[in-house]
Structures are given as C-alpha cells and as structure tokens.
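Please have the sequence and the model at hand while reading.

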Amino acid sequence: MTSLSPELEAFRDRVVAFMDPHVAEYGQAARLGLSLDDDIALARRWQATKAAAGYAGLTFPTEYGGAGLTQLEQVIFVAEEAARGFPAGYFVISLSMPIPMMLRYATPEQKARFVPPALRGEQIWSQLFSEPSTGSDLAAVRTRAVRDGEDWIISGQKVWTTFAQYSDYGVIVARTDPDAPKHRGLTYFFVDLKAQGVTVRPIRQLHSAAEFNEVFFDDVRVPDAWRLGGVGDGFRLAVETLMIERYTAAADETGFGPPLDALISLAREAQLDGRPALEDGRVRAVIAQAYATQQGLLAISEKSILELAAGREPGPEGSIHKLVGARGRREVALCALDLLGTDGLRFDAAAHPRPKTDFAMSWMDQPTLRIAGGTDEMLLNTVAERILGLPQDYRPDKLPR
Amino acid sequence: MPFLLDDDHRQIVQEAERVLSDGWSPDGLRHLLERVGAHDDRFWTTCRDMGWTGITISEDHGGLGLGPIALCLTAEVVGRFVGGAPFLSTGYGVSEALRRFGSNDQQGRYLAGLANGERTGAIDLTSALDGGERLAWTDGRLSGATGLVAAGAWADLLVTVARDTATGGDVLVLVALDEQAHPEPVQTFDNSRGYAVLHFNSAPAEVLATEHAGDAALELLARVAVIVAFEQLGGAEACMERARNFANERQAFGQPIGKFQAIKHRIAEMYVANELARGNALRAALSLRDDAGDLVLRAGAARLTAIDAYEFAATEAIQTHGAIGITWEHDLHLFFRRSRALALELGGRGPWQDVVARRVIAGVAA
Ligand SMILES: Cc1cc2nc3c(=O)[nH]c(=O)nc-3n(C[C@H](O)[C@H](O)[C@H](O)COP(=O)(O)OP(=O)(O)OC[C@H]3O[C@@H](n4cnc5c(N)ncnc54)[C@H](O)[C@@H]3O)c2cc1C
C-alpha cells in the first residue's frame, strides 16, 4: 500500500523490529506439535513480552496499562503478528470483547484491578452468551439471575464457552425478568469463573481438541457492583459486545488455513495422470481462485485500515471475512487432501495439529468456522438486513403476546 | 488515494451517473441486439462530449490527462448502465499501446483522434494469454484472420500481437482498419459490442514493439482487463440493486419475497461477491496508476472475481424476479448477456486462471 502515512509506516517498522527477534521463540515453527496447554503457556509468555514492551492493548488507555493508540495501529500490529504465526488467539476473546466492555461500563477501581493483568496475559476471560437452548437467537437465554440484597444469584447453564477451562472471569447475559418480552428481560454481568458454584466441563470438538466447554451456574453469587449497564439492558450490551468483535474479525489468526504455498509445494510432489499435479488444470484453477479470493479479502482489510486512518468507521464489509475465509479454506483443504490420496487420511489428534499448518486439521476445523461467532446464515442475514435493507425474517417471537 | 475515493473521484462518478441517467437507458440497447454491427451513437456521443474518450490521454495530445483511476470509475458507472459501445476499454488499450510503445510520430498521428473520439480503437490480444494462434507479419504486412474482436466492426485502429514469419518471434503491431482490413461482423448474443472477425491480406502494419512483444501484449491486455473489471463490477452492482429493490416490493404468501431466506441470502451473496471483486479491482487500479506490483497478477485476480460476481448477480437477479425477469422487455437480460460477453471477450476464466496460477506458482520457490 502506498497510502499509509509516514507515521504509520514508521510504526509498522518499529513493530517489525520488535517482533523479528522473537520469531524463533514464538513463531509458527516453534509452535508445531505443541499441546494446547503448552501453546497457551507460550501464548501467556508472548503476551507478557508484548506488555513489557508496551505493545499489549494498543488501543487501551495508558492508565490501565494500554498504549493509548488507535484501531489503526492495532490492525497493523495484529497483521504483522498473524504473518509470523505468533500465538495471540487465546487472548482474542478477552481483549476484544469482555475487557473493552469493562472499559466502557465498569467502575475505575474495577478497571484498575482487572485490565492490567488481562493485558499481561495473566487472566483469560470468557464470553458466556450461548446456551443449550439457544445460540443464534441470543435473546432467548434462560440462565436466571435473581436479586438477593446486594447480590445476584445466578443459576443455569451456558455452553460452547471458549477457553472457559483456562479462564478466570467472564461476561454473561442472564434473565432477570422472566415476565418481560424476551429482549428486555436480560442483564449483563461479569462473573468470577473460579467462584463457588461454577462448574466447567470441557467438550470435545469434532477434531477432538476441547477448546470450548459447558459451564454450570449453581446459585453463584455475583455482587450487584459486577453488573454492567442497567437491569434489563443486557441484550443491548450483548449486541454491543458482538459489534466490538467486528473490528477484530479482519485480524482472525486462523484465517484461511495453511498458506497457498503449502498447496503448491504439495502439488509439485503429487502426481495426477502420470504428471506433476501442479500441471493439472483442476489444481491450477483451485490455486488461481483461492489466490483471487484471498487478495480480495486482503484488499477489503487494507481498505478498512484506510477508512480508519481517514477517521471513518470501517464499513460492515468486514463481516465478509469469516464467510468467505471458511469457504476458501474448504476448497484448498479438499484439494490438498485429494492430492495426498489415501495419505490424506492421516490425522494424529494427539500431535495437536493446527489449522494453519495441517491440511487435515484445516478441513476438520472448517465446520467450526461456519458456526462459531455467528453462523453463515446469521452473517448473511446481517448483510441482507443491515447493509442491503432487506426485510427481517418472519419473527413470531416479536409478535405481541 | 483510490481505495477511498476523494472528492475529485466522487465528482467524476456523480457526473457520469447524472449524464447517463439523463441521456441513456438500457432501453436503447434492446433494439441494438437485433442488428449486427450496430452500436449506440447517442451513448458514444455522450462519451465524447464528456471527454471520457481522452481521460487517460495526456493534455499534450488533447486528452484530460486524469490517469487510469478516473477511467476505472467511469467504466464502473458505464457498467451500471450497460453502456452501448465498447470503445472506452478497447480504445484505452490502443492509446496505452501508443503511450508505452509508440514513437513520437505515431503518438502525434493517432492520440488526438482517440482522445476526442473521432477515432476508435480495438485490441486483439487474447492470444497472448495462451500462446494461441496469431496473425502473420511479413515485411511490415499483416495477413490472416483474427478471432472475434470487440469493436472490430467499427474501429479505426487495431493493436494486435502477430508472428514475425522471418524470425518466428512475436511482434506488437498497430494497423489501420481501412479498406485493407475486411471486417466481418458476427452475430452474437450481445450485438452491441460490435464483434467482428478481421481479415487481413497483406495489410500494412506499424511495429510498436518486437522485444518481449508477447509479454507486452499480455500486459496491455491486463491493463484493459482492469478497466473491464470495473465495468463488470458496475453491472454486478446494478443487478444486485435491482434484485434487492424487487425483493423488497414483490409480495408472495402475504410478505415481501425478501423475507424468504432463499432469496434474501442470495442477494447477500451477491454483495459478498461484489465486495471481493471491488477489493481486487481497486488493488489492480492502484497498480495501474503506480505501475507497481505484478500488474498482470492483480488484473487476473480482479478479472476472476469480477467474472464470478457479474455472472452470479446477473443470473440470480433474474431468478429473483421470476418470470418477469426473463422477458425481452425487462432489462435484466441485457446485463445477463453483457456479463458473459465481458467474461469472454478478453479471454475466459480458464486462460486467466492459468495466467494467475502460473504467476502464483512461480512466486513459490521449488
Ligand atoms: C468453536 C466454537 C466456539 C464458540 N465459542 C463461544 C463462546 O466463547 N461463547 C459463546 O457464548 N458462544 C460460543 N459459541 C457458540 C456460537 O456462538 C453458537 O454455536 C452459534 O451462535 C450458533 O448457535 P447454535 O449452536 O445454538 O445453533 P442454532 O442457533 O440452534 O442454529 C442451528 C442452525 O439453524 C440456523 N439458524 C438459526 N437461526 C436462523 C435464522 N434466523 N435464519 C436461518 N438459519 C438460522 C443456524 O444458522 C444453524 O445452521 C462457539 C461456537 C463454536 C462452534
């Protein structure tokens, strides 16, 4: 890009100079084959290293350990980090949703207590929205919070809570008024996941790693001071949380699966019809189309950076990333597995393959991408309704009762 | 900064939209379809009056000297209206060939006419994509027949890549399409593009480049492909908007059909495809402006996503409209035809996939 300002280019140079010496310790190659636990431990060290150098929480206020910079520096930093394969994903939820919400709505004392350690990677936060009875339809949550003097008592069950087993705290939406219309009866809290009455049970995913969990709340006491926003304001805040998430989508670490280079190398070795597979038109078509798609996504990100630099909000086109990335990943991974033939079946879950480096894992993880953080269908609804002005679905839940 | 349009750019777009919505509607195109070798004079006059023919040609030669971004944006607007003549993009191919390879004398002779639209240009460069069959060039004379050339039925000048019969190498040449060339207009599904096969029988042709002429031809083709990607994007956007508007109005089973997700999601998918195409087109436009990056690769990415976006939008917009969408009277078939015409006339998906794949693969060390 020619259009970034000299200041931002200088920032990028500083970031690169900071990161490059750490590649051997934290980069893609160093992480190959690490167990999830070891990778998280490595990630904590990397987060602490960033914090020491002033690069954790780039957009957070300096009084809480941040760098007080803009989204722009953040996007540049994250892109460089992702390019080197550093382990940053474990803090994406903490630092993209719960902590920014806390910065917006918590008391100064609470911020001082929670934000700096979260930035240093000492705490991990979860987002406890989904429940067994509801995911897409967020306003349908059933977990109850009942007022008891200065406290609330929470009971119910959350599910699909990413990293809850490693988490110290979380943000939660619970029903505080069962008689109000469903969007109005919810309230937003933050909770101590180590508190009495909280049980976390990891759930094994289809690729066999357990990144998410069930979380049970059995009369868990939460002080009213841990309520964010007004009573009954929970749905609005939950939606606000998901909106903040949008900014980080462009920096999605898992993106497209293994780089296209890996497919090309594979196709150079593999044979089709007695010739190198790389000469096969079907393989070349996959390469060309994947390249064109990736470049299109890159251009959309670059455009968002410039929008931010020009002081505008980036458009909602960022939501395209997950949708298109998951499809592209599928095409590339299937092509690679096909080329491997029966060897494509090899998958050793115990070696903790990662979607960025292993085609089988990339393919195994693809269904996840289509669901987590909003399903394809919900994303398309958002594009259609918010961007294109098409009508909302038939919503019997909104009919007057 | 083309990724974000500045005020000048916005003005170009607004002006173009204003003029075209006043003086031109796709209606004008319908009757062209039934004739071979026709184009819309009124549309072309508008292009000339607006100076679009000379956007990228320097002021010295009577152009506006505005650079390729302005032309890209204009092409996008023209695409929205399914403009009734291909000269903007093909003419750009010829004036770029002259700007990059022409002698002072050649530029002096031809550019002013191209700038004011008195002369029109066509290109025949798709053989550079795949080393396909070429015209023969012997001692300054051209022989043989081209494939289907857009604007071939009317253009005054043609740039093509030919085979030098003496050396067996490529040569990039400029040939005047006067009596010496015999255009044979061809019936096509988009007759407004003036497709013709050109027959040469020892027609005098001027040399533009002999060294790396094949590469030069490919790069010229890529440059035109970027302009066309914007035209495709404009068409795709127009189809999406029509589909969206119709889905908001048309009622079935007691509700707007836009409430049915099968419809609603399809329109959202158009948006997604269009944005990918736009991203690539803008990137390629930056390359055009700055002569930077691998232009052919960027043009290829722009072309592949633009082909996908336009065809998807045109096809699915018709589906969204139901039976009204397939009637002659409805505009959508104009876009539908044009989407495929633009996908083919600079070389279809296959050869461009090959070009892109070849370059991506070459970028990865063995
Ligand atoms: C790996 C992973 C990590 C996750 N991490 C977290 C987390 O940390 N915190 C958290 O709170 N949640 C988390 N989730 C949950 C995730 O947000 C939900 O799974 C998701 O929103 C879908 O909800 P659901 O699973 O209940 O499916 P449902 O909402 O029951 O959907 C089932 C199907 O119905 C479709 N559907 C539903 N409504 C509509 C509609 N209006 N139109 C069309 N189709 C519709 C869906 O698209 C889907 O195909 C995670 C999920 C995954 C897979």
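Which helix contributes the largest share of the shell around the ligand? That share, 3 residues, comes from helix α14 (residues 376–387) of chain A, where helices are DSSP runs of H or I of at least four residues and strands are E runs of at least two, numbered from the N terminus.

## Basis of the model

This is a predicted model, in which local features need pLDDT of at least 70 and side-chain atom pairs count only at pLDDT 80 or more, while totals for chains, interfaces and linings use all residues. Residues are numbered from 1 along each chain as its sequence is written, chains are lettered from A and ligands numbered from 1 in the order in which they are written, and side-chain values use heavy atoms, with hydrogens and water left out.

## The ligand site

The ligand is surrounded by 20 residues, the closest being S136(A), W160(A), T162(A), T375(A) and Q261(B); a residue is counted if one of its heavy atoms lies within 4 Å of the ligand. Because the surrounding residues come from chains A and B, the site is shared between chains. By class, the shell holds 6 nonpolar, 12 polar and 2 charged residues, with Ala, Val, Leu, Ile, Met, Phe, Trp, Tyr, Cys and Pro taken as nonpolar, Asp, Glu, Lys and Arg as charged, and the others, Gly among them, as polar.

An oxygen atom of the ligand lies 3.1 Å from a backbone N or O atom of G135(A), and a nitrogen atom of the ligand is 2.8 Å from a polar backbone atom of W160(A). For E377(A), a polar side-chain atom lies 2.8 Å from an oxygen atom of the ligand. The ligand taken alone exposes 960 Å², of which the protein buries 67% (Shrake-Rupley method, 1.4 Å probe).

## R30 of chain B

R30(B), found in helix α2 (residues 27–33) of chain B, is buried, with a relative accessible area of 6% (buried means under 20%, with a 1.4 Å probe and protein chains only). Polar atoms of the R30(B) side chain lie 3.0 Å from the backbone oxygen of W328(B) and 3.0 Å from the backbone oxygen of E329(B).

## Annotated domains

UniProt, in an unreviewed entry, places an "Acyl-CoA dehydrogenase/oxidase N-terminal" domain at residues 5–122 of chain A; this span is 66% helix and 0% strand, and its end C-alpha atoms lie 35 Å apart. For chain B, UniProt lists the "Acyl-CoA dehydrogenase/oxidase C-terminal" domain (unreviewed entry) at residues 217–349, a span that is 79% helix and 3% strand with end C-alpha atoms 18 Å apart. Such annotations may be inferred rather than shown by experiment.

Conventions: Polar contact = N/O pair within 3.5 Å; in protein donor to acceptor, adjacent residues only side chain to side chain. Buried < 20%, exposed > 50% of the residue type's maximum accessible area, 1.4 Å probe, protein only.
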